[in-house]
Amino acid sequence: MNSNFGDFVKQNVELLDQHIDELFDSDSTLNTDLKMMMKYSIDAGGKRVRPLVLLAILKAFRKTPNYDILTVAAALEAVHTYSLIHDDLPAMDNDDLRRGRPTSHKKFGEAEAILAGDALLTVAFQWISSTNLKDRIKSELVLALASDAGASGMIAGQLLDIQGNQRHYSLAELKHLHHLKTGKMLLFPAEAALIMKPSKLQVAELVKDFMANFGLAFQIHDDIIDVTESTAILGKTAGKDVDLNKNTYVNLLGLSGAKEELNQVLQKCEQDLTSLGELQPEMDLMILEGFLTYLK
């Protein structure tokens, strides 16, 4: 992993974490107990992949983080964290560990975890609406995030995931499931970046195609490490997908088949970046290339 990518991650995680703290600290209307429960999960040390990708795409367009950009990135992390809290509930995946610490419902109780998740979901839209961006841009961001996180995106994928506990999906069905469940929330960074920094159509389509392929690669990689890494490394219960008889790329294709599928999807990501570099040579694509290294 190149040092530029490592520096980018370190510097921007620090920026994001500081900004999230500032957003919470500046809101005197938040219930004290609820704020503590929300921060427990969002401050738990996740990789911040989704907001980091948003910042990386904007960096590729030579746009540096400011208050409004960081607020949109924080909102994305809030929605992602809400989804993890609800995923871990007894009615869903029933997990005791997330990001290396007890899950929200284990720490505070099931009802409290539901409310903490609800609060993170809704505060995300509050944060976007409070930015100094133009009203049209705020409206487009809210629409995109609601769509990607909601009934036509992540939540629809979560339902397919639950329904898959009763049947085995084909490869095409599994890809569709994860295009919704994981891919949509990784597509949002591209959509958000292009809303805040419009680009010509060919470039925009390549950026979105890169993120669609990256989302698929991210999920395949997640399925692989679920069976190859320990609980201590993952920060969540290893082998949980196998225990729950989940539809995964490893269960469907075997470990070697999943690794081959991952390599093929990563090649598509690299082709997208090559095409972007040819179409718009002034773009700084080094950090986006670093994210692919993370998945290899």
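Reader: Why does F291 count as buried?

Author: The relative accessibility of F291 is 4%. Buried means under 20% relative accessible area, exposed over 50% and partly exposed in between, with a 1.4 Å probe and protein chains only, so F291 falls in the buried class. This is a predicted model, in which local features need pLDDT of at least 70 and side-chain atom pairs pLDDT 80 or more, while totals for chains, interfaces and linings use all residues. Residues are numbered from 1 along each chain as its sequence is written, and side-chain values use heavy atoms, without hydrogens or water.

Reader: Why is the pair of F214 and F291 called edge-to-face?

Author: The ring centres of F214 and F291 are 6.1 Å apart and the ring planes stand at 85°. Rings of Phe, Tyr and Trp (its six-membered ring) pair if their centres lie within 6.5 Å; planes under 30 degrees apart are stacked, over 60 edge-to-face, and the rest tilted. The pair of F214 and F291 is therefore edge-to-face. It links distant parts of the chain, with F214 in helix α10 and F291 in helix α14, 77 residues apart. Helices here are DSSP runs of H or I with at least four residues, strands are runs of E with at least two, and both are numbered from the N terminus.

Reader: What makes the pair of F214 and F218 tilted?

Author: The centres of these two rings are also 6.1 Å apart, but the planes meet at 40°, so the pair of F214 and F218 is tilted. F214 and F218 both lie in helix α10, four residues apart, about one turn of the helix. Both residues are buried, F214 with a relative accessible area of 1%. By this rule the count comes to six aromatic pairs, and F5, F210, F214, F218 and F291 form one aromatic cluster.

Reader: Which residues touch the most other members of the largest nonpolar core?

Author: They are I57, L141, M196, M211, F214 and F291, in a core of 88 residues. Helix α10 gives the most to this core, with 12 residues. A nonpolar core is a set of buried Ala, Val, Leu, Ile, Met, Phe, Trp, Tyr and Cys residues joined through side-chain atoms within 4.5 Å. I57 touches P189, A190, A193, V207, M211 and L288, not counting residues up to four places away in sequence; contact here means heavy atoms within 4.5 Å. In soluble globular proteins, nonpolar side chains tend to be buried together.

Reader: Why does E261 count as buried?

Author: E261 has a relative accessibility of 11%, so it counts as buried. E261 is found in helix α13 (residues 249-279). Leaving aside neighbours within four places in sequence, E261 is in contact with K175, I220 and L253.

Reader: What makes S152 partly exposed?

Author: S152 has a relative accessible area of 44%, so it is partly exposed. S152 sits in the loop between α7 (135-149) and α8. Beyond its neighbours within four places in sequence, S152 is in contact with S147, L180 and K184.

Reader: How many cavities of 30 Å³ or more does a search of the whole structure find?

Author: The search finds two. On a 1 Å grid over the protein atoms alone, a cavity is a set of points where a 1.4 Å probe fits but cannot get out, and a pocket is an open set with protein on both sides within 12 Å along at least five of seven lines; lining residues have an atom within 4 Å of a point. A volume is the space filled by probe spheres set on the points, which are joined across faces, edges and corners.

Reader: What lines the largest cavity?

Author: The lining has 13 residues, of which S41, I85, D88, R98 and S104 lie nearest the centre. Helix α4 provides the largest share, three residues. The second largest cavity is lined by D87, M92, D93, Q158, D161, I162, K181 and K246. Helix α8 (residues 154-163) gives the most to that lining, with three residues.

Reader: Which residues lie closest to the centre of the second largest pocket?

Author: This pocket has a volume of about 240 Å³. Of its 16 lining residues, F8, N12, K59, T64 and P65 are the closest to the centre. Helix α1 gives the most to the lining, with five residues.
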